[in-house]
Amino acid sequence: MARTARRAGQSRQDVTTPNGRRSRAAARPADDGRATHDEAAYPRLTARFWGVRGSHPAPFATGSRFGGNTACVELRFGRHLLIFDAGSGIVGLGDALAREWHDRSPAARPTLTLLFTHAHHDHLCGLPFFAPLFEPGADVHLVGPDLAGLRFEQIVAGYMRTPYFPVDFYDLPSRRHLRSISDGARLVWTADGDSPVTVPQDASIPPDALVVDVLHTQLHPREGTLVYRATGGGRSLVFATDVEVGERGGAGERRFVRFVRGADVLVHDAQYSDEDYDGATPHRGFGHSTPAMAARVARAAEVDRLILFHHDPNYPDADVLALERAARQLFPRTWAAREGGEIWLDGQEERHV
Ligand SMILES: [Zn+2]
Ligand SMILES: [Zn+2]
């Protein structure tokens, strides 16, 4: 118990693994055995990547090892399904959910919550094509930051309206539930709850709940981004995209590292090679990190596993593989995120992609 409480780090929540065991984060390829897990015996926290590129989709990379869609990560725990960002990758996820759910009543499906880090195009562009929004009676929770003087609801609704899109957000047949969140928020999905609830940091948390903590960083231009830390069954995953971690540190960066501390999996922005970051046409200050920067955060925060994310849309597989190799020199348990890749954090056994 003490160990799992410590692993929860600064989130200080009272959680433990259902079987009391502890092992390292487990990862395995997609389409490999989801059905073998006995969900009734214990919940498993899993993440699946549907889009791993940054800036804009990379059609040339469709079918490549890493894929060409922009940011979208699915996370499941028990009967809850979370989606981090709605880049172009969410289109394929929505279609997969429509197939998975077509013969299930809404009550028999997982709850569905979309969490947004910020509103840049590469994190929103798939939303108008997300199938569950068009399904009568489907409940879709949308959570994200207020930005640039706009409420989160205005940001989302403004993205799906004429002249940008033919269907108005307010005319969709689904039921949408929107919520603004900000730094320090804690969202909880209880085992039998139908929607997330916001609780104070010192509230007691049922051990079988899914928890998401929120950090607002200023490590990205203009409005910054939200970083999310999801914890379920004593395991945790941090989603930290669109962050630029400078070499000089600073209070904001130290706060970020504290937030990440002890996570089982850190998904971290690693868009640029050292050459592009600091070379002839420098990308310093664009709000993105190099794999070396991400590896430094992983080491400082003592995470178990680092996943490089937000790959530059101009990098072919060979470039991303080279960045992955270089990052492993600094932090051995590093992988570059790829479309279709899945991470299991079930505490039962160790597997690798
Ligand atoms: Zn981005
Ligand atoms: Zn951005």
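1. How many bridges join strand 8 to strand 10, and do they run parallel or antiparallel? Four bridges join them, and the two strands run antiparallel. Strand 8 covers residues 186-189. Within this pair, valine 188 stands opposite valine 211 of strand 10. Note that the model is predicted.

2. Helix 4 spans residues 251-260, and its buried residues are Glu253, Phe256, Phe259 and Val260. They sit on the same side of the helix because they cover an arc of only 115° around the axis. Ala251 and Arg254 are exposed, on the face turned away from the buried side.

3. What do the buried residues of helix 4 pack against? Their partners are strand 10 (210-217), strand 11 (225-232), strand 12 (235-240), strand 13 (265-269) and helix 6 (291-300). Just after helix 4, glycine 262 has a positive phi of about 75°.

4. The largest nonpolar core holds 86 residues. Val227, Leu237, Val260, Leu266, Val267 and Leu308 touch the most other members. Val260 is also one of the buried residues of helix 4.

5. Leucine 308 deserves a look. Leaving out residues up to four places away in sequence, its contacts include His268, Ala270, Pro291, Ala294 and Leu323. Glu324, Ala327, Thr334, Ala336 and Ala337 are also among them.

How values were computed: Residues numbered from 1 in each chain as written. Chains lettered and ligands numbered in written order. Predicted model: local features only at pLDDT ≥ 70, side-chain atom pairs only at ≥ 80, totals over all residues. Buried ≥ 20, exposed ≤ 12 C-beta atoms within 10 Å, placed from the backbone. Arc of directions from axis to C-beta. Contact = placed C-beta atoms within 7 Å. Core = buried A, V, L, I, M, F, W, Y, C linked by C-beta atoms within 7 Å. Pairing = 2+ DSSP bridges.
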